[in-house]
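Visitor: I am new to this structure. Please show me how to read a few of its features.

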Amino acid sequence: MSDAGWELMRDLMPVPGWLAGRGGRPEGYCHRQMIDAVRYLVDNGIKWRAMPSDFPPWPRVYAFLARWRDTGLVAELHDRLRGAVRDAEGRQEEPCAESSIRSR
């Protein structure tokens, strides 16, 4: 992931409990590593167990993704990145069916 892409996501990432003073054990992997692993998995269409050893172990990546999905973070990241791409193309951030009908 590029540094610019990471900047779009960094502020959305949850603060680990131990950093927020809620106790708990420090996380063993940074969030950027986890996002890179999920992006690799989706981009290459591999199975979870085929995750290369350059990434954290697949059960940890899966656990992070499941937690993020359950809290709505995955949808928020998707919406934010979609908005950035649409903005870069000079389009409205939110898709609109009316604009696609008018352009026909």
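Visitor: What percentage of the residues of the protein count as buried?

Guide: This is a predicted model. Of its 104 residues, 22% count as buried.

Visitor: How is a pair of aromatic rings described?

Guide: One gives the distance of the centres and the angle of the planes. This structure holds three aromatic pairs. One of them joins W48 and Y62 edge-to-face, at 5.2 Å centre to centre and with 90° between the planes.

Visitor: Which parts does the pair of W48 and Y62 tie together?

Guide: W48 is in the loop between α2 (31-44) and α3 (58-70), while Y62 is in helix α3, so the pair links parts 14 residues apart in sequence. W48 counts as partly exposed, at 21% relative accessibility. Y62 is also partly exposed, at 39%.

Visitor: What is the geometry of the pair that F64 and W68 form?

Guide: F64 and W68 are edge-to-face, 5.6 Å centre to centre, with 80° between the planes. They are separated by about one helical turn because they stand four residues apart in helix α3.

Visitor: Are F64 and W68 buried or exposed?

Guide: Both F64 and W68 are buried.

Visitor: Which residue lies over the face of F64?

Guide: That is R67, at 4.7 Å from the ring centre of F64.

Terms used. Residues are numbered from 1 along each chain as its sequence is written. This is a predicted model: local features need pLDDT of at least 70, side-chain atom pairs count only at pLDDT 80 or more; totals for chains, interfaces and linings use all residues. Side-chain values use heavy atoms; hydrogens and water are left out. Buried means under 20% relative accessible area, exposed over 50%, partly exposed in between (1.4 Å probe, protein chains only). Rings of Phe, Tyr and Trp (its six-membered ring) pair if their centres lie within 6.5 Å; planes under 30 degrees apart count as stacked, over 60 as edge-to-face and the rest as tilted. Helices (H or I, at least four residues) and strands (E, at least two) are DSSP runs, numbered from the N terminus. A charge sits over a ring if NZ of Lys or CZ of Arg is within 6 Å of the ring centre and within 35 degrees of the ring normal.
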